[in-house]
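Let us walk through this structure step by step. Keep the sequence and the model side by side as you read.

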Amino acid sequence: PCFLKDWEMHVHFKVHGAGKKNLHGDGIALWYTRDRLVPGPVFGSKDNFHGLAIFLDTYPNDETTERVFPYISVMVNNGSLSYDHSKDGRWTELAGCTADFRNRDHDTFLAVRYSRGRLTVMTDLEDKNEWKNCIDITGVRLPTGYYFGASAGTGDLSDNHDIISMKLFQLMVEHTPDEESIDWTKIEPSVNFLKSPKDNVDDPTGNFRSGPLTGWRVFLLLLCALLGIIVCAVVGAVVFQKRQERNKRFY
């Protein structure tokens, strides 16, 4: 298990095969979880896991999605959430990005960094030896003492999923005395989000945009519109009165 509070993982991987557009699948999952790898339905590993998962998904199961695949997404779970393959994990995804990592003629790399509650995922897919930002989330709480792992899954279609190397680096970060006094092995995996990922819908850019207007949002919009009308009316009345007074001076 990993007992580092702040770490960075570099993964050298390759996804390749003869299948053309949408005739391949399904992808790779990288894990930081409480339990050692247990076979299951989520890219070859168990569902309702405890910890962190990064999915490198190559096949769009949801025909209505606007995402462009291959697609990288992140999920944090305390055991209460189930990954929905039919929706490509959309309802439990924290963030994601499109990443063209399949059938590249050169080496492809992924970096996962966790430090002081900030989770960052970066890619090096262009053979330029430089990282490109994919995902950046704050407010992530992950315990120590979990296990790193990788798995892959295929269905009716197939592909080659190669993990060439996984290298873990310790990040030297100073923590406050209060942070040092915490038993990091007892932390429950969680994310301090202002809104639930379920409130979001797809965006072709790989980011989230707000979902349909709910009742309270409509109320706030109407209230703002009403206040705007009142302000305009008051300003108009003041301007009209001043013009009337100015006109009287010329009589």
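A polar contact is a pair of N or O atoms within 3.5 Å; within protein, one must be able to donate a hydrogen and the other to accept it, and residues adjacent in sequence count only if both atoms are side-chain atoms. With that in hand, look at His175. A polar contact of 3.1 Å links its side chain to that of Glu179. Another, of 2.6 Å, joins the side chains of His175 and Asp6. His175 lies in the loop between strand 12 (160-170) and helix 1 (177-180). Helices (H or I, at least four residues) and strands (E, at least two) are DSSP runs, numbered from the N terminus. His175 counts as buried because its relative accessibility is 15%. Buried means under 20% relative accessible area, exposed over 50%, partly exposed in between (1.4 Å probe, protein chains only).

The model is predicted: local features need pLDDT of at least 70, side-chain atom pairs count only at pLDDT 80 or more, and totals for chains, interfaces and linings use all residues. Residues are numbered from 1 along each chain as its sequence is written, and side-chain values use heavy atoms, with hydrogens and water left out.

Five strands form an open sheet in the order 6-5-4-2-11, with antiparallel pairing. Two strands pair if DSSP finds at least two bridges between them. Strand 6 (95-98) and strand 11 stand at the edges with a single partner strand each, so one side of each has no neighbour in the sheet.

Follow strand 4 next. Eight of its eight residues are buried. Seven bridges join strand 4 to strand 2, and the two run antiparallel. Ala29 has Phe55 of strand 4 as its bridge partner. Ile28 is partnered with Leu56 of strand 4. Eight bridges join strand 4 to strand 5 (residues 71-78), again antiparallel. Here Gly51 has Asn77 as its bridge partner in strand 5.

What does a search of the whole structure find? It finds one cavity of 30 Å³ or more. A cavity is a set of points on a 1 Å grid over the protein atoms alone where a 1.4 Å probe fits but cannot get out; lining residues have an atom within 4 Å of a point. The largest cavity has a volume of about 70 Å³, the volume being the space filled by probe spheres set on the points. Its lining includes Trp7, Leu30, Ile54 and Phe148.

Terms used. 1 Å grid on protein atoms, 1.4 Å probe; cavity = no way out; pocket = protein on both sides within 12 Å on 5 of 7 lines; lining within 4 Å.
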